[in-house]
Amino acid sequence: ALPLAGTWCIFCKQRQQRQPAQPLLNIMTFEELTGDQTTDRMDVVGKALEEVLFSALAQGCITVGVFEAAKLLNADPDNVVLCLLTTDEEGDVDVALQIHFTLIQAFCCENDINIMRVNNMHRLAEILGGVDGEDEPKDLHCILVTCQAAPWKDGALNKVTCFCKESRFLDQWVPIINLPER
């Protein structure tokens, strides 16, 4: 007998759809065995991350900047649900920024805060409004999303959280995601 159409994600307790005709034992590809994510899955998570950012921005639940993020992580780490680290062309060679990233990553992993790297800083600037009040570019290298009104009801946040947990299970502690272009 075939199982019901769908399985439960062991991390986020959500039902994942599956075709009823699929057998229980699937032949896995090398990419599936090594934990590489498919493009479709990455697109879904990228869109969900966009939704989380738009929602958090509307609710005022976003902290932007490495220094501001470090202050919030020090003061109230239990309220942080997601940490995003981004780099641009200059960020890859900035040693001080890489040291900050290493410390933030370690802190987030130790305190069970979901963490991701985002490659598309230009798209992130579009979502968050890339300039502050004085027309200075914002420091978008570290973004924290704090606890929203009802985080368990937010489907997009649940998708991102489940993705982060599944990535950690596959020993990918800081997964890299691309935000979709508009």
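Tutor: Start with Glu126 and Arg123, which both sit in helix α5, 3 residues apart, or about one turn of the helix. Helices here are DSSP runs of H or I with at least four residues, strands are E runs with at least two, and numbering starts at the N terminus. Salt bridges that share partners join Glu50, Arg123 and Glu126 into one network. A salt bridge is a side-chain nitrogen of Lys or Arg within 4 Å of a carboxyl oxygen of Asp or Glu.

A word on the source. This is a predicted model, in which local features need pLDDT of at least 70 and side-chain atom pairs count only at pLDDT 80 or more, while totals for chains, interfaces and linings use all residues. Residues are numbered from 1 along each chain as its sequence is written, and side-chain values use heavy atoms, leaving out hydrogens and water.

Glu126 bridges to Arg123 with the closest N and O atoms 2.8 Å apart. Arg123 also forms a salt bridge with Glu50, and there the closest N and O atoms are 3.2 Å apart. Arg123 lies in helix α5 and Glu50 in helix α2, so this pair ties together parts that are 73 residues apart in sequence.

Which of these side chains are buried? Arg123 is, and so is Glu50. Buried means under 20% relative accessible area, exposed means over 50%, and partly exposed is in between (1.4 Å probe, protein chains only). Arg123 counts as buried because its relative accessibility is 5%. Glu50 has a relative accessible area of 2%, so Glu50 is buried. Glu126 has 41%, so Glu126 is partly exposed.

Next, the surroundings of Glu50. Its helix, α2, covers residues 39-59. Leaving aside neighbours within four places in sequence, Glu50 contacts Arg123, Ile127, Leu179, Pro180 and Arg182. Contact means heavy atoms within 4.5 Å.

The helices themselves come next. Two packed helices are described by the angle between their axes and the distance between the axes. For α2 and α5 (residues 121-128), the angle is about 30° and the axes are 10 Å apart. Axes are lines fitted to C-alpha atoms, for helices over the stretch in contact, and angles run from 0 to 180 degrees between N-to-C directions. The crossing of α2 past α5 is right-handed. In a right-handed crossing the near helix is turned clockwise from the far one by less than a right angle; anticlockwise makes it left-handed. From α2, Glu50, Leu53, Phe54 and Leu57 take part; they meet Arg123, Leu124, Ile127 and Leu128 of α5.

How many salt bridges are there by this rule? The count comes to 3. Among them is the pair of Glu166 and Arg41, whose side chains meet at 2.6 Å, N to O. Glu166 is in helix α6 (residues 155-169) and Arg41 is in helix α2, 125 residues apart, so the pair links distant parts of the chain. Glu166 counts as buried because its relative accessibility is 16%. Arg41 is at 24%, so Arg41 counts as partly exposed.

Ile177 belongs to strand β7 (residues 176-177). Its relative accessible area is 1%, so Ile177 is buried. Beyond four places in sequence, its contacts include Met42, Val45, Gly46 and Leu49, as well as Met116, Arg117, Val118, Asn119 and Phe163. Ile177 and Asn120 are 57 residues apart in sequence, yet their C-alpha atoms are 8.4 Å apart.

Finally, the chain around this part. Its secondary structure comes to 6 helices and 7 strands. In sequence order the pattern is β-β-α-α-β-α-β-α-β-α-β-α-β. The chain has 182 residues, and 39% of them count as buried. Take contacts between residues at least 6 apart in sequence: 74% join residues at least 24 apart.
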